[in-house]
Number of protein chains: 2
Amino acid sequence: MEGRRFFRFSLILFSVALVLFFVWANLPHAPPHPAVLLDCASDASWCFSSTYRPRKQPPRTVITNSRPGKTADRSDHASDTPRHPLDPLTVQEINRVRTSILTHNLFADSSAPYALHSISLDEPDKALVLRWRKGNPLPPRRASVVARVSGRFRVLTVDIGSGVVEVVDDEVPASGYPTMTIEDMKSASWAPFSDAKFNSTVEGRGVKLSDTACLPLSTGWYGAAEEGMRLIKVQCFSTEGTANFYMRPIEGLTVLVDLDTMRVVDFVDKGPTIPIPKAANTDYRFSLVDVNQQLNLINPISIEQPKGPSFVVEDGHTVKWANWEFHLKADARAGVVVSQARVRDPETGEMRPVMYKGFTSELFVPYMDPTDAWYFKTYMDAGEYGFGLQAMPLDPLNDCPRNAYFMDGVFTAADGTPYVRSNMICIYESYAGDIGWRHMESPITGMEIREARPKVTLVVRMAASVANYDYIVDWEFQTDGLIRLKVGLSGILMIKGTPYSNLNDVPGQEDLHGTILSENVIGVIHDHYVTFYLDMDIDGSDNSFIKVGMKKEQTSPGESPRRSYLKAVRNVARTEKEAQVKLKVYDPSEFHVINPNKKTRVGNPVGYKIVPAGTAASLLDLDDPPQKRGAFTNNQIWVTPYNRSEQWAGGLFVYQSQGEDTLAVWSERDRPIENKDIVVWYTLGFHHIPCQEDFPIMPTVSASFDLKPVNFFESNPILRIPPNFEKDLPVCKPAASA
Amino acid sequence: MEGRRFFRFSLILFSVALVLFFVWANLPHAPPHPAVLLDCASDASWCFSSTYRPRKQPPRTVITNSRPGKTADRSDHASDTPRHPLDPLTVQEINRVRTSILTHNLFADSSAPYALHSISLDEPDKALVLRWRKGNPLPPRRASVVARVSGRFRVLTVDIGSGVVEVVDDEVPASGYPTMTIEDMKSASWAPFSDAKFNSTVEGRGVKLSDTACLPLSTGWYGAAEEGMRLIKVQCFSTEGTANFYMRPIEGLTVLVDLDTMRVVDFVDKGPTIPIPKAANTDYRFSLVDVNQQLNLINPISIEQPKGPSFVVEDGHTVKWANWEFHLKADARAGVVVSQARVRDPETGEMRPVMYKGFTSELFVPYMDPTDAWYFKTYMDAGEYGFGLQAMPLDPLNDCPRNAYFMDGVFTAADGTPYVRSNMICIYESYAGDIGWRHMESPITGMEIREARPKVTLVVRMAASVANYDYIVDWEFQTDGLIRLKVGLSGILMIKGTPYSNLNDVPGQEDLHGTILSENVIGVIHDHYVTFYLDMDIDGSDNSFIKVGMKKEQTSPGESPRRSYLKAVRNVARTEKEAQVKLKVYDPSEFHVINPNKKTRVGNPVGYKIVPAGTAASLLDLDDPPQKRGAFTNNQIWVTPYNRSEQWAGGLFVYQSQGEDTLAVWSERDRPIENKDIVVWYTLGFHHIPCQEDFPIMPTVSASFDLKPVNFFESNPILRIPPNFEKDLPVCKPAASA
């Protein structure tokens, strides 16, 4: 029809115009824009730079079911000031940094394009931070900036006080590019619409351009052909009839885009005969599904603390709860950063250091399909997309319980303008009905003793939505000194279109690379690896890593009626290679980080142990390009000497990196680590063979590992916690409406 | 002093008299005692037969901090009647069985000693139970009885209606003895006091007899010397100055006792020079420790459901919650038995079978010290002590949250008298603040979607205190169809006395077999294995076991820029040996129980998968006597064809068994298991190297594994659950006192 054709035509025009506008928009001209704070309502799931105009989307309902989250400060953070050496950059500081940067002569050429990929706190030296006490003046505030200017990537540091900018290009890695900006991702997702061939192909597949949504998929690195250019692959979906467009891929259609120019470089359609899967039963929004009455039988249930939470957040970032104290902040790349975690000794009352800094350093998500539209899907979500940039505001009653407190993040757009990601982190006390410790005397002794204590913990949570997938990261602190790091996977599968609608139609020999989840829908097999950076400081910085092997001992003839038993054999790792650990069920060890300079009353070195779980390991070839880049997953545990430049397991610049700046490379130096300031790296792994229960959205799957005191305390630190008494518990009645 | 010596003398006399009395007491004379129900107050931590008088104990405070638990029926259960074919024997039925047994001519000889080691429901054939519908008459009620009469063990079945007793001695295993009676354990723990040498040795070690408490420790089996006699080893502790006498062993003193005559057979003291560890800081009772104010900072917190729980318990044993329904009962040997677990299909509304029966079949707890006083400590807590017999009443506010419902157990004393173990099981809904599923759209797509759902589960809990150790067993049911089986370890370590009070005093070569936890106290290394019986019935009884291996595939040259990927390879286990699984981190598999006769809409066989965790494996020699008896831990997963006589992984008679009736032996028959009624066995394992935090009582350590739907549902079964809304949540205020 006339109207239809005209609409398409104008849409194409619009798209082309948009992209051209973009190329211009991303190259602001000096003088820089006046410093502004982007306007981001607490419900806005994303923010954008003032130079950016979003593409029109079909109107969609916002679902929140929630009161606004309680945060320390509902203001726009414009007046925040740093109070701790590790506090993240404030809005004012970011604006100052931006001004300093944009007036630096690197940026003098007003026609030179630029983008600021990251502006983050350049943390003071560890020694300075450790010496600092509340009330002292802060060490000089410095920012680290990654900028693209005149087509070149630079690493800059800015002294915020003096405004002095220093170029530290020696920190620019040999290969790879920095984390994409949100604007990179957005622009890339529309770039294909400037390509007439793409548009006609999409329509040829039966999808209206106005129903087409595209995703920017990092390309990884697969050899020379892809070097020297910042590239991204874009694949598209039909949004017709569902918000869950991920279930409706235009399979096989892949557009290669130059991220700097946003030009389409290459274009393939390997799936012309593959139908677009149906929209029916794919939407998951509460407003659209009729609630299943049979599941709606659960009476209201909630964690209640009518006297309020037991923790405080001092100066915006210092969390104090029960016997714990730590510094907490949002980070654009890592998501959540926990620093200076200290636990109170129940005997001396002193706050004892446990961990200087911990965060999710990198993720690695290889899909297991070598075909054209899939082989490159080997994501590194922190370094490529920004794990924190993708962390959306949490839903106060459903992502976190009602007793939660919320913390915002302050990030920057590509032009350096700060914006607030509200309710990005929640903190709450959890009680699941579990038991902290218990003992009852049995009929055998007949002593009438019944002692049990409830287990209450403190949870710090963030959730990142990297396109389809949702990662829930929990830091759980226990009063017994244990820290549990838990990662939950939910969200939506990255699925593959297929001509098959039933497994019976598939020829016996054909490998689907996954499971048929619905008609024409395959859930492709993939792994998830989440690598944590854990700078342990057990009662001080100088620690050692001990493998406590459990070895089978044979008794000698006549020694005992027993023929065998397990013996604990302690081995100190002297160098990095001795601390590279591949877990084995039948060759078990404990992994202790101890302070060799401090012993308990009875002579045990004080320590914490890493208690592994979620042990799925990567089985890819070590020389497979993605595994080279994800080489930090070659072992489940690594230990390196502290080095402030070694924080990102995949390297500082991960995007299209070739793997020469990874944890695996650093560790090969085999530096001494005994009685030194050491960093432990642990990788949580998941193998995921999708099943129909994952369609159209996945019930959360979790795995966790623990940092657990081992002879750190002289005795059970919660021996003296009180039990619950009826008289102390809240008095509740049903909600008025209920 | 005169008085002191006289006191000792009379105590010895008293003890001797007591034991003689006992031998008599345990041999009641026909006619049997009139049927009685033992009087067990709901707070009594144990019950005893009417023929038993407890030894005087120094008075001790009873600590409960709790209102009486809510149970379906606070009565004495005297009027209970069975309403489901799997309901446990009622008080009336037990009394009827007892009468039938004691009038049988086996028991005619009034001078013949007897003891009834167990009286339990002889479950009707599975086919009958599956056919039964509510309202139908119950299949004939039968009891299975293990009796010791005239020094011989007999297995009897009793038709409760007719009172006909059948002797089925073919079920008596070649070796081993049945689970001890509580009276066995009690009597054994005093038997040593009849031995003057023992008494003088104890006093020689500086412990008053009146301060001496002894434990009955199963001997295991270590060859011919120990055959033909029912033996037990008894070790003792000083109760002076602490309720936690486990921390004050009279190390090295071991008394071998004949369990039938209660005579001391042998006696060794290998520890005359080892001091009794001090009592200071070992007590854990709330009444005695001053609460640590620094930990007492947690405001009251509780799971609240002002509209009440969402589940019902019908006819005393059928639990219905959300989309789940199952039969639940207490068992003297297994603890908790879950039967006929069925989940509702959200599309058809039908209740679909998942598991016919599941329970903790056996435990195996080998200590890792080959020396005289320790080598034999290789406990099998279910078959030797009775996992249910040792399950004490739960503390309503501290073992289970306030919203819990409690279920009693009905067990029998050695003379066949029934008694009630009240509040033995609790059932409650848990909400920890976790997320059932979520997705938010990211800045990349810019669609404003925020959907999250809270995760609420149903927990069934029991806690067994096998002397020092406490095992918390949770069955957790999730609305997404997942069943989590969790075992928590708490309670008190079995510790070893040592001359050393500091690690520095220990010669480098000496192996302590554990960790110095306090002056003169070693926590000995040990393992825990908990083996679950899981009779899976996925949509019917005929199922198959599939190993879905994740194999590395190499791409052929030129096929793809990728060199490798993972491929899922399905292998059906045709026979038992093909289903013996040792887990390997670097050779991963999924383990599916499927119904090959039923497929989903898109052609996947419906199934559940066993998701392993807590994978510690036994490393003892396969031909080490304890490992022969505990051979059911040789693999983590086994699958056997259903056989009603194969329920106890260590055999029917485990005590002093020689290992010829274990799961490992059955599995060696290598019977076909494809498309058959199959039973899956999973062993949760723990290696425990004690640390000072475990002293004097252990913070709970947990591990769990999952039974998870895999293509069982057509799609996410909780897609349609509603989110939380503020308006539905309870309104709470602090307790009056707070």
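Buried area is the accessible area (1.4 Å probe) that two parts lose on being put together, summed over both. The legends below refer to a predicted model.

**Figure 1. The interface between chain A and chain B.** About 19300 Å² is buried between chain A and chain B, and carbon and sulfur atoms give 56% of this area. In chain A, the residues that lose the most area to chain B are A:Ile444, A:Arg450 and A:Arg562, which together make up 5% of what that side buries. The contact involves 213 residues of chain A and 213 residues of chain B.

**Figure 2. Polar contacts and salt bridges across the interface.** Between chain A and chain B there are 18 salt bridges. One of them joins the side chains of B:Arg438 and A:Asp399, with an N to O distance of 2.8 Å. Residue pairs in polar contact between chain A and chain B, both residues at pLDDT 80 or more, number 104. On the side of chain A that touches chain B, strand β17 (residues 418–440) of chain A gives the most, with 14 residues. The residues of this side of chain A comprise 103 nonpolar, 57 polar and 53 charged.

**Figure 3. Strand pairing between the two chains.** Strand β32 (residues 731–733) of chain A and strand β32 (residues 731–733) of chain B run antiparallel and are joined by three bridges. Within this pairing, A:Val731 stands opposite B:Lys733 in β32(B).

Figure 4. Most peptide bonds are trans. A:Phe695 and A:Pro696 are joined by a cis peptide bond, with omega about 0 degrees. A:Pro696 lies in the loop between β30 (676–688) and β31 (698–710) of chain A. In chain B, a cis peptide bond joins B:Phe695 and B:Pro696, and omega is about 0 degrees. The loop between β30 (676–688) and β31 (698–710) of chain B holds B:Pro696.

**Figure 5. A positive phi at A:Asp315.** Most residues other than glycine have a negative phi. A:Asp315 is not a glycine, yet its phi is positive, at about 50 degrees. The residue sits in the loop between β10 (312–314) and β11 (318–321) of chain A.

**Figure 6. A salt bridge within chain A.** Over all chains, the whole structure has 106 salt bridges. In the one formed by A:Arg644 and A:Asp125, the closest N and O atoms are 3.0 Å apart. The two residues are 519 residues apart and link distant parts of the chain. A:Arg644 is in the loop between β29 (637–641) and α8 (663–668) of chain A, and A:Asp125 is in the loop between β1 (114–121) and α3 (126–131) of chain A.

**Figure 7. The annotated N2-terminal domain of chain A.** An unreviewed UniProt entry gives the annotation "domain: Copper amine oxidase N2-terminal" for residues 84–165 of chain A. The chain over residues 84–165 of chain A is 22% helix and 30% strand, with the end C-alpha atoms 23 Å apart.

Notes. Residues are numbered from 1 along each chain as its sequence is written. Chains are lettered from A and ligands numbered from 1 in the order in which they are written. This is a predicted model: local features need pLDDT of at least 70, side-chain atom pairs count only at pLDDT 80 or more; totals for chains, interfaces and linings use all residues. Side-chain values use heavy atoms; hydrogens and water are left out. Contact means heavy atoms within 4.5 Å. A salt bridge is a side-chain nitrogen of Lys or Arg within 4 Å of a carboxyl oxygen of Asp or Glu. A polar contact is a pair of N or O atoms within 3.5 Å; within protein, one must be able to donate a hydrogen and the other to accept it, and residues adjacent in sequence count only if both atoms are side-chain atoms. Helices (H or I, at least four residues) and strands (E, at least two) are DSSP runs, numbered from the N terminus. Ala, Val, Leu, Ile, Met, Phe, Trp, Tyr, Cys and Pro count as nonpolar, Asp, Glu, Lys and Arg as charged, and the others, Gly among them, as polar. Two strands pair if DSSP finds at least two bridges between them. UniProt positions are given in the numbering used here, feature names are shortened, and annotations may be inferred rather than shown by experiment.
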